[in-house]
Amino acid sequence: MITLDDKQLKDFEKSLSTFTDALPFATRHTVNQMAFKAREFGQQNLRNKMTLRNKWTERSVMVNMTRQLNIRKQESATGSTEDYLATQEFGGVEVAGGKHGVAIPTSTASGEGDSARPRKKAVRAANQMRRIRLSGRVKARSRGQRNFLAVRQAVDSGRKFVFLDLQKHSGIYKVIGGKRKPKVRLMHDMSRKSVRIPATPWLEPAVKKVEKIAPGLYFSALKHQLKRQGLL
């Protein structure tokens with residue numbers, strides 16, 4: 001823990017400013033350290049506020065360091081390469097691109113069971129949308145008949161996934177069981193045309209936390225340069 005006051009900080013700056021080649025190194029190091037600290041705190045917030053199903057989300061948070069020695073041009077940045085983390089930060093709305101609703105994976109698709117809420121695990125590979133192949137379309141006079149024939153066709157063809165237009169939950173279902181008593185389990189709920197994603201800020205709180213420790217980071221950087229110059 002470093003204890004400092006403004007006068008001590010200004011004295012360090014004044015002492016070091018006589019070495020024009022040294023002060024920019026101190027400010028550059030401070031700016032970069034602030035970015036790395038924001039990354040560290042941001043990753044902590046992701047772990048604490050969200051259910052992470054892999055390490056990629058954390059690894060996507062990166063730092064763009066400054067290499068400038070012109071103090072006025074020094075700036076570093078922290079953020080994620082993934083658009084979905086921007087959506088988490090500010091919130092948003094996901095709108096279905098086709099005639100059906102947004103595909104929302106269920107806990108059944110992740111192997112957690114029908115009643116697990118919220119889903120905490122990743123969707124199993126075999127149940128991912130990009131791997132699903134649906135049975136062909138069927139002609140029917142009513143919605144109920146179309147759903148019945150779709151399940152029957154899935155059983156006969158060996159393709160286990162069907163789109164069922166049910167009154168409560170339309171979506172992608174998996175057909176299980178044999179030909180005599182087939183059952184269906186909802187894998188991807190497509191009953192809503194749009195889904196509102198609430199804001200879950202993870203980067204802004206990290207930046208605010210860094211703002212509080214920034215003077216200490218700057219103090220340490222100045223002190224390091226003063227020692228290198230033999231002034232301390």
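Asp114 counts as partly exposed in this predicted model, at 45% relative accessibility. Here buried means under 20% relative accessible area, exposed means over 50%, and partly exposed lies in between (1.4 Å probe, protein chains only). Asp114 forms a salt bridge with Arg185, and the closest N and O atoms of the two are 3.5 Å apart. Asp114 lies in the loop between β4 and α5 while Arg185 sits in strand β7, so the pair ties together parts that are 71 residues apart in sequence. Arg185 is likewise described as partly exposed, with a relative accessible area of 28%. A salt bridge is counted where a side-chain nitrogen of Lys or Arg is within 4 Å of a carboxyl oxygen of Asp or Glu. Side chains of opposite charge can pair when their charged atoms come close.

Residues are numbered from 1 along each chain as its sequence is written, and side-chain values use heavy atoms, with hydrogens and water left out. The model is predicted, with local features needing pLDDT of at least 70 and side-chain atom pairs counting only at pLDDT 80 or more, whereas totals for chains, interfaces and linings use all residues.

By the salt-bridge rule, the count comes to 5. One of them joins Arg47 and Glu58, whose side chains meet at 2.6 Å, N to O. This pair links distant parts of the chain, with Arg47 in helix α2 and Glu58 in helix α3 (residues 56-59), 11 residues apart. Helices (H or I, at least four residues) and strands (E, at least two) are DSSP runs, numbered from the N terminus. At 41% relative accessibility, Arg47 is partly exposed, whereas Glu58, at 11%, is buried. A salt bridge also forms between Glu40 and Lys37, where the closest N and O atoms are 3.6 Å apart. Glu40 and Lys37 are 3 residues apart in helix α2 (residues 23-49), which means that about one helical turn separates them. Glu40 is partly exposed at 34% relative accessibility, and Lys37 is partly exposed at 25%.

The strands can be followed next. An open sheet of 4 strands has the order β4-β7-β6-β5, and its pairing is antiparallel. Strands β4 and β5 (161-164) stand at the edges with a single partner strand each, so one side of each is left without a neighbour in the sheet. Two strands are said to pair if DSSP finds at least two bridges between them. Ile104 has Asp189 in β7 as its bridge partner.

Strand β7 also runs antiparallel to strand β6 (residues 171-176), and 6 bridges join the two. Tyr173 has Leu186 in β7 as its bridge partner, and Val175 stands opposite Val184 in β7. The hairpin of β6 and β7 has 6 residues between the strands, and within this hairpin Gly177 takes a positive phi near 90°. Leu164 has Gly171 in β6 as its bridge partner. Strands β5 and β6 form a hairpin too, with 6 residues between them.

A patch of positive charge gathers Lys99, Arg137, Arg143 and Arg146. Patches are made of residues with over 30% relative accessible area and no salt bridge, where like charges are joined within 9 Å and nonpolar side chains (Val, Leu, Ile, Met, Phe, Trp, Tyr) within 5 Å. Accessible areas come from the Shrake-Rupley method with a 1.4 Å probe, and for residues only the protein chains shown count as cover. Lys and Arg count as positive and Asp and Glu as negative, while His and the chain ends are not counted. The place of a charge is taken as NZ of Lys, CZ of Arg, CG of Asp or CD of Glu. Arg143 belongs to helix α5 (residues 143-157) and is partly exposed, with a relative accessible area of 38%.

Finally, Gly79 lies in strand β2 (residues 77-80). At 22% relative accessibility, Gly79 is partly exposed. Its C-alpha atom is separated by 8.6 Å from that of Asn64, and Gly79 and Asn64 are 15 residues apart along the chain.
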